[in-house]
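Let's work through some exercises together. Have the sequence and the 3D view ready, and try each task before you read its solution.

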Amino acid sequence: MADSKEQRTLDYVLQNAVRGDPQSVLDFIDKFSENEWAMHVGNVKGPIVEKVVTETDPSTCLELGTYCGYSAIRISRLLKPGTRFLTIESCPANAAIAQQMIDFAGMQDKVKILQGSSQEIIPRLKADHQVETLDFVFIDHWSECYTPDTKLLEECGLLRKGSVLLADNVVYPGAPDFLEYVRTSGRYDCTNFPTHLQYSKKEDALEKAVYRG
Ligand SMILES: COCc1ccccc1-c1cc(O)c2[nH]cnc(=O)c2c1
Ligand SMILES: [Mg+2]
């Protein structure tokens, strides 16, 4: 079967990056993506994500949208020992690529990929994955799922006062209903981070929404 862009990216990393070195894996994914654009959060938005994570100092993290594992590697390498990073990926092929990328980066002990639908997995996080509440959620799957999944996190009692949501692509491709919800529901304190789309000059932004509890 003809390989995919994601498989070509993994092969490039396995052949060039340093096993066990997360930064090396990120650098080679970025290098590959300059030639073959791909939707990793990238090296412009990535540092903004890292700054929010560092400020939050989370123990339990959830990511919606693993893709190839780039942001899982970027974030999990900052987490202190004993913390957990759960990441949901709907596409089985991407989940398989991401697992190999995360393993090669040496982040396999911190990161757990849950392959399936976020709408099905979120309600099972407490029962199946011993989650009490989430300290940090990186939302980076499909913009039309941002709002229903945010509401589901609330309904499942997974957010507590101070839980931090950080959403990618709120300008491009755009998540207008999500921005409307978090900014007007009265349940969040929001901050917008204007930036640029990965590997592009197009404008984008991240939105941070802190749950008021
Ligand atoms: C498949 O569209 C790719 C694309 C094309 C043009 C512009 C932006 C994007 C884009 C960028 C991202 O960071 C993304 N992050 C998560 N889920 C996405 O679907 C996504 C899409
Ligand atoms: Mg994105």
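**Exercise 1. The hairpin**

Task: How many residues lie between strand 6 and strand 7 in their hairpin, and which residue in the turn has a positive phi?

Solution: Strand 6 and strand 7 form a hairpin with six residues between them. In the turn, Tyr199 has a positive phi of about 55°. Strands here are DSSP runs of E with at least two residues, helices are runs of H or I with at least four residues, and both are numbered from the N terminus. Next, look at the pairing: strand 6 (residues 188-196) and strand 7 (residues 203-211) pair in the antiparallel sense over nine bridges. Two strands count as paired if DSSP finds at least two bridges between them. Finally, find Tyr188, which stands opposite Tyr211 in strand 7.

Before going on, note that this is a predicted model, where local features need pLDDT of at least 70 and side-chain atom pairs count only at pLDDT 80 or more, while totals for chains, interfaces and linings use all residues. Residues are numbered from 1 along each chain as its sequence is written, chains are lettered from A and ligands numbered from 1 in the order in which they are written, and side-chain values use heavy atoms, with hydrogens and water left out.

**Exercise 2. A residue in strand 6**

Task: Is Thr195 buried or exposed?

Solution: Locate Thr195 in strand 6. Thr195 has a relative accessible area of 8%, so this residue is buried (buried means under 20%, exposed over 50%, partly exposed in between, with a 1.4 Å probe and protein chains only). Now list its contacts (heavy atoms within 4.5 Å): leaving aside neighbours within four places in sequence, they include Val44, Lys45, Ile48 and Leu206.

**Exercise 3. The magnesium ion**

Task: Which residues coordinate the magnesium ion (ligand 2)?

Solution: Donors are N, O and S atoms within 2.8 Å of the metal (3.2 Å for Na, K and Ca); water is not among the atoms, so sites may look incomplete. The magnesium ion (ligand 2) is coordinated by Asp140 (OD), Asp168 (OD) and Asn169 (OD1), at 2.0 to 2.2 Å. Their spacing in sequence is D-x27-D-N. Asp140 sits in the loop between strand 4 and helix 8, and Asn169 in the loop between strand 5 and helix 9 (170-174), so this pair ties together parts that are 29 residues apart in sequence. Asp140 is buried at 13% relative accessible area, and Asn169 is buried at 11%.

**Exercise 4. A buried arginine**

Task: With which side chain does the side chain of Arg74 make a polar contact?

Solution: Start in helix 4, where Arg74 is placed. Arg74 is buried, with a relative accessible area of 6%. Its side chain makes a polar contact with the side chain of Glu50 (2.4 Å). A polar contact is a pair of N or O atoms within 3.5 Å; within protein, one must be able to donate a hydrogen and the other to accept it, and residues adjacent in sequence count only if both atoms are side-chain atoms.
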